[in-house]
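I opened my notebook for a friendly walk through this fold.

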Amino acid sequence: MKILAIDTSSNICSVAILEDSNPIMKKDINDELTHSQKLMPLIDEILKSCNLSLNDIDLLACSIGPGSFTGIRIGVATVKAFVDVKNIPVVGVTSLESLAYNIQDEGLICSMIDARNDNIYSGLFKHKENTYTLIGNLLAEHIDNILPVLKGYDQKIIFVGNGSTVQKDKLLELPNANFANSENNLANAISIGKCAYNKFLNGEHGTSNTLLPLYLRKSQAERALEEKEKND
């Protein structure tokens, strides 16, 4: 099964081709401001480099967030168009799931994405025998509310994602805290593809109508408008 996976949830625009769970090629562009201009050419480039077209793709995979509101919308809209035109099955993968897939060690993995002002999107996963099981909710919480929950686990926890980097000083209060290397803290379309493949094998796939962005809080524009209306 050939999989086309994309991740536009962060400042990195990442596209990968996989054969089942085995990476064939990945291309990244680190320029959040031009996702809308760079994504389609990047997809075209990687397909041509692999001597493939969309007709050869058996599964589409896309990050649905949390992350950049604009980036997520661009990625989801692009994949929806491919699904509608080619009738290819699709799997949506959360950014926190894909970060967990960056870690190969078995045990507890806590994915964290910085949501600013000491707020964190987090997900706690248990990795065993190539299965990553969510055991803690995907939340947008203040770090001070997350720490007491994590203190309830006595096993080693591997922290991954830019949120764990920003909050490293506080996480070091946990005696069982371990940290991913800097490369694994980055969004990665290969991890999106691997997660999507496992989900597909479990029957977790759908059509264009089932691929929806995951927003755990309102956008900055929505919050600003609500604040303005409240002040008025």
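This is a predicted model: local features need pLDDT of at least 70, side-chain atom pairs count only at pLDDT 80 or more; totals for chains, interfaces and linings use all residues.

Entry 1: I found 5 strands forming an open sheet in the order β3-β2-β1-β4-β5, with mixed pairing. The edges are β3 (22-30) and β5, each of which pairs on one side only. From one strand to the next, the twist averages 20 degrees.

I then asked myself: in which sense do β4 and β5 pair? They are parallel, and 5 bridges connect them. Within that pair, I noted L60 opposite V90 in β5.

**Entry 2: helices on the sheet.** Next I looked at what packs there. Helix α7 (residues 189-201) packs on the sheet and touches β1, β2, β3, β4 and β5. The direction of α7 makes about 130 degrees with that of β1. I also looked up helix α1 (residues 35-49), which lies across β1 (2-7), β2 (12-19) and β3. Relative to β2, α1 runs at about 25 degrees.

**Entry 3: the β6 and β7 hairpin.** My next stop was strand β6 (residues 107-114), which runs antiparallel to β7 and is joined to it by 8 bridges. Here C110 stands opposite L124 in β7. The hairpin has 4 residues between its strands, and R116 takes a positive phi near 70 degrees in it.

Entry 4: G65 and P66 are joined by a cis peptide bond, with omega about 5 degrees. P66 sits in the loop between β4 (59-65) and α2 (69-86).

Where is N87 found? I located N87 in the loop between α2 and β5 (90-94). Its phi is near 55 degrees, a positive value in a residue other than glycine. N87 has a relative accessible area of 70%, so I logged it as exposed, the cut-off being over 50%.

N130 went on the list too: it is not a glycine, yet its phi is positive at about 65 degrees. N130 belongs to the loop between β7 (119-128) and β8 (131-142). Is N130 exposed or only partly exposed? At 44% relative accessibility, I put N130 down as partly exposed.

Note on methods:
Residues are numbered from 1 along each chain as its sequence is written. Side-chain values use heavy atoms; hydrogens and water are left out. Helices (H or I, at least four residues) and strands (E, at least two) are DSSP runs, numbered from the N terminus. Buried means under 20% relative accessible area, exposed over 50%, partly exposed in between (1.4 Å probe, protein chains only). Two strands pair if DSSP finds at least two bridges between them. Axes are lines fitted to C-alpha atoms, for helices over the stretch in contact, and angles run from 0 to 180 degrees between N-to-C directions. Contact means heavy atoms within 4.5 Å.
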